[in-house]
Amino acid sequence: MPATDTTRDGERRRMLKDIRAAFARTDMPFGLDELDPRVMAALADVPRHMFVPAERRASAYRDKPLPIGLGQTISQPFIVALMTHLLRLDPASRVLEIGTGSGYQAAVLSRLAAHVYTIEIVATLAKLAAEALARFGATNVTARVGDGYGGWPSEAPFDAIIVTAAPDHVPPALVEQLARGGRLVIPVGIEEQSLMVIEKSADGTARTTTIVPVRFVPLTRES
Ligand code: SAH
C-alpha cells in the first residue's frame, strides 16, 4: 500500500465537498442515497495532481474533467466516485478497467481492491500512466496496451469491470468475463451516454440498471 500523500490535502478535502454537492444535485435512482465512505476515503488519499500533465496541476482538484493529451481526458472526480461506488468493491475484488487514460481511476481502484487490470489503446498514454502509477506506489495494478473491447480473457473472470470510454453497445466479451455476482459499470451511447450497471446474478443472468446521463470520449477500436 503506497504511503498517503499529504501534499494538497486541503484541496482534496474541498474536492470531496464538491463531489458530495454534485451527488446531491444529481437525480439518482432509488436507493442510491450516499457515496460509500470507503470510496470517498480512497479519493481523499490519491494525489490526483500526480496523474495530470504538469501544466494542469493547478486545476487538478477541481471537480472537472481535464485534458491529458492526445485528445483524451481524465474523468470528473464526481464521476470517478460514482462509478467506483457502483462497482461495490471489497478488498478481495479483482477489477478490470478499460481505458487507463491518466491512471488516476486505476490508482483509486488499487486502494479498494485486491488487484486491478487495466487496458489502454493509446501506447503513449499507457506509458505515462504506468509511470504515474509506479510513482504513486501501486503494486497491485497490471497494465497493458491494447483494445479493451475484448476484455482480458486470460485473467477473467472479474468481480468488477469499469469502462471509462463509451462504446455504442455493451461489448459481449465484458459481460462474459464478469464473475457471477459481479458488476460491469459502463457508459453506453453516441455523443451523450447513459451510465449503466450490469449485474450478473448467481445463476448467470444479467440485469441492467440505467443510472445517469454522462459524457465520455468514444471507445475506439483497433483497426
Ligand atoms: N480512466 C481514465 C479516463 C480515461 S479517458 C482516467 O482515470 O484518467 C478514456 C481512455 O480510454 C482514453 O485514454 C482512451 O485512449 C481509452 N480508450 C478508448 N478506446 C479504448 C479501447 N478500445 N481500449 C482501451 N482503451 C481505450
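This is a predicted model: local features need pLDDT of at least 70, side-chain atom pairs count only at pLDDT 80 or more; totals for chains, interfaces and linings use all residues.
1. P157 sits in the loop that joins β5 (141-145) to β6 (158-163).

2. L70 is not a glycine, yet its phi is positive, near 55°. For context, a negative phi is what most residues other than glycine have, and most peptide bonds are trans.

3. The ligand is surrounded by 26 residues. The closest of them are S102, E120, D147, G148 and T220.

4. On the backbone side, a polar atom of G99 is 3.0 Å from a nitrogen atom of the ligand, and a backbone N or O atom of Q105 is 3.0 Å from a ligand oxygen atom. T164 takes part through its side chain, with a polar atom 3.1 Å from a nitrogen atom of the ligand. On its own the ligand has 580 Å² of accessible area, and the protein covers 99% of that.

5. Helix α1 (residues 9-25) packs with helix α2 (residues 37-45) at an angle of about 145°, and the two axes are 9 Å apart. The crossing of α1 past α2 is right-handed. On the α1 side the contact involves R12, M15, L16, I19 and R20, and these meet M40, L43 and A44 of α2. By type, the residues of this contact comprise six nonpolar and two charged, with no polar ones.

Technical notes. Residues are numbered from 1 along each chain as its sequence is written. Side-chain values use heavy atoms; hydrogens and water are left out. Axes are lines fitted to C-alpha atoms, for helices over the stretch in contact, and angles run from 0 to 180 degrees between N-to-C directions. Helices (H or I, at least four residues) and strands (E, at least two) are DSSP runs, numbered from the N terminus. A crossing is left-handed if the near helix is turned anticlockwise from the far one by less than a right angle, and right-handed if clockwise. Contact means heavy atoms within 4.5 Å. Ala, Val, Leu, Ile, Met, Phe, Trp, Tyr, Cys and Pro count as nonpolar, Asp, Glu, Lys and Arg as charged, and the others, Gly among them, as polar. A residue is near a molecule or strand if one of its heavy atoms lies within 4 Å of it. A polar contact is a pair of N or O atoms within 3.5 Å; within protein, one must be able to donate a hydrogen and the other to accept it, and residues adjacent in sequence count only if both atoms are side-chain atoms. Accessible areas come from the Shrake-Rupley method with a 1.4 Å probe; for residues, only the protein chains shown count as cover.
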